[in-house]
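Try each task before reading its solution.

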Amino acid sequence: MVITAAHCVYKMQEDRVLIGVGRYDLDDYNEDGAEMHDVRRLLWHPEFSTRVVSDADIALVTMQRPVTFNDIIGPICLWTEKESETVTKSGFIAGWGTDEFGNSKTQYPRVVEAEIASATDCISTWKASAVTERTLCAGNRDGSGPCLGDSGGGLMIRRDTHWVLRGIVSLGERGTSGRCQLSQYVLYCDLSKHLTWINENLS
């Protein structure tokens with residue numbers, strides 16, 4: 001099972017989506033240890049809408065066959081209510097999207113550590129209607145962070161020996177030139193507010 005943003009797969013047909021796991025070099029289609037998977041089911045949240053900034057921007061992707069875990073492919077744990085008891089100040093995001101200068105998608109992923117913002121600071125960047133109890137903001141506001149093409153990626157938290165998925169990249173601010181405004185926080189779908197729906201559809 002893969003978790004992504006609903007807007008990445010909304011109203012797409014399963015045979016139009018291919019999942020790559022263990023990928024690093026996008027120019028190397030024969031990477032050792034990587035796998036390509038056809039999709040059996042795409043399921044986006046029933047409350048997702050393209051007409052508004054949706055706080056249900058989450059989708060589940062079921063693959064045709066199981067993933068084989070190895071040295072470069074491993075699972076990430078779901079966020080839990082217990083995880084919320086621990087204050088988390090930052091998380092990591094990885095992706096192959098464009099950079100802050102508008103340069104095209106990269107051959108190798110960039111990894112950025114981003115500060116998780118309070119709801120008050122989040123509203124200072126986004127319209128109040130976009131910030132709900134089911135969203136969260138993260139970013140460094142210093143020119144580093146996820147950009148165009150990074151949507152659907154995870155906000156990952158390190159917990160001792162394992163990683164936990166905290167949120168999904170949903171929306172970033174664009175400037176008049178169409179470039180990412182990385183001086184602003186990025187809006188995430190808060191995974192902790194969708195655990196019931198996720199667990200109901202994991203089978």
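**Exercise 1.** Count the aromatic pairs in this predicted model, then classify the one formed by Tyr10 and Trp44.

*Solution.* 
1. The count comes to 4 aromatic pairs, with ring centres within 6.5 Å as the criterion.
2. For Tyr10 and Trp44, the centres are 5.4 Å apart and the planes meet at 70°.
3. Plane angles over 60 degrees count as edge-to-face, so the Tyr10–Trp44 pair is edge-to-face.
4. Tyr10 sits in the loop between helix 1 (6-9) and strand 2 (18-21), while Trp44 belongs to strand 3 (residues 35-44), so the contact ties together parts 34 residues apart in sequence.

**Exercise 2.** Are Tyr10 and Trp44 buried, partly exposed or exposed?

*Solution.* 
1. Tyr10 has a relative accessible area of 26%. Trp44 has 24%.
2. Buried means under 20% and exposed over 50%. Therefore Tyr10 is partly exposed, and Trp44 is partly exposed too.

**Exercise 3.** Describe the geometry and placement of the pair Phe92 and Trp163.

*Solution.* 
1. The centres of Phe92 and Trp163 are 5.7 Å apart, with 90° between the planes: edge-to-face.
2. Phe92 is in strand 6 (residues 90-95) and Trp163 in strand 10 (residues 162-171). The two are 71 residues apart, and the pair links distant parts of the chain.
3. Phe92 is partly exposed at 26%. Trp163 is partly exposed at 31%.

**Exercise 4.** Which residues do ring pairs link into a cluster with Tyr10, and which ring lies under the charged end of Arg166?

*Solution.* 
1. Ring pairs join Tyr10 with Trp44 and Phe48 in a cluster.
2. The charged end of Arg166 sits over the ring of Trp79, 4.6 Å from its centre.
3. Likewise, the charged end of Arg23 sits over the Tyr29 ring, 5.4 Å from its centre.

Note on methods:
Residues are numbered from 1 along each chain as its sequence is written. This is a predicted model: local features need pLDDT of at least 70, side-chain atom pairs count only at pLDDT 80 or more; totals for chains, interfaces and linings use all residues. Side-chain values use heavy atoms; hydrogens and water are left out. Rings of Phe, Tyr and Trp (its six-membered ring) pair if their centres lie within 6.5 Å; planes under 30 degrees apart count as stacked, over 60 as edge-to-face and the rest as tilted. Helices (H or I, at least four residues) and strands (E, at least two) are DSSP runs, numbered from the N terminus. Buried means under 20% relative accessible area, exposed over 50%, partly exposed in between (1.4 Å probe, protein chains only). A charge sits over a ring if NZ of Lys or CZ of Arg is within 6 Å of the ring centre and within 35 degrees of the ring normal.
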